[in-house]
Amino acid sequence: MRRSYSVSLSEKTMVRETRHLWVGNLPETVVDDELVRFFSRYGRVETVHILPRRAPDGSRAAFVDFVDIKSAVKAHETKLQLGSRELRTNYNEPGSRFTPGQHQNRYGGGRPSNDGGNGWKG
């Protein structure tokens, strides 16, 4: 006998805490070393990967991987400001890395624009 059940949209889209963060709304001139220094105040940073794709407003996004979950949680729960930009973060699973054409909000912050998901809106 098969059981049927339903899962709400919020349960499907919830992201569990991980040591991996997606970081958005970065200045277009940001470099890896700058992000390592910035996020080191929350714990040891293992790797940083800045995405090559840029939003229409010039902002960038990156993946920041911490050594432990506690550090990622601390960074995610803090209001982050880099230069004049307020950063957006979300937890990320390493297998769900960004691919062109996907909605930016799947990886944290923002909302899809009305151009079919090819641009970002803050």
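A residue is called buried if its relative accessible area is under 20%, exposed if it is over 50%, and partly exposed in between, with a 1.4 Å probe and protein chains only. Tyr 42, at 11% relative accessibility, therefore counts as buried. The model is predicted, so local features need pLDDT of at least 70 and side-chain atom pairs count only at pLDDT 80 or more, while totals for chains, interfaces and linings use all residues. Residues are numbered from 1 along each chain as its sequence is written, and side-chain values use heavy atoms, with hydrogens and water left out.

We can now turn to the aromatic rings. Rings of Phe, Tyr and Trp (its six-membered ring) pair if their centres lie within 6.5 Å, and planes under 30 degrees apart count as stacked, over 60 as edge-to-face and the rest as tilted. A search of the whole structure finds 3 aromatic pairs. One of them joins Phe 38 and Phe 39, whose ring centres are 5.0 Å apart with planes at 80°, so this pair is edge-to-face. Another joins Phe 39 and Tyr 42, where the centres are 6.4 Å apart and the planes are at 50°, so the pair is tilted. Phe 38 and Phe 39 are both buried, and Phe 39 has a relative accessible area of 0%. One aromatic cluster is formed by Phe 38, Phe 39, Tyr 42 and Phe 66.

Elsewhere, Thr 89 counts as buried at 14% relative accessibility. Its side chain makes a polar contact with the side chain of His 76 at 2.7 Å, where a polar contact is a pair of N or O atoms within 3.5 Å; within protein, one must be able to donate a hydrogen and the other to accept it, and residues adjacent in sequence count only if both atoms are side-chain atoms.
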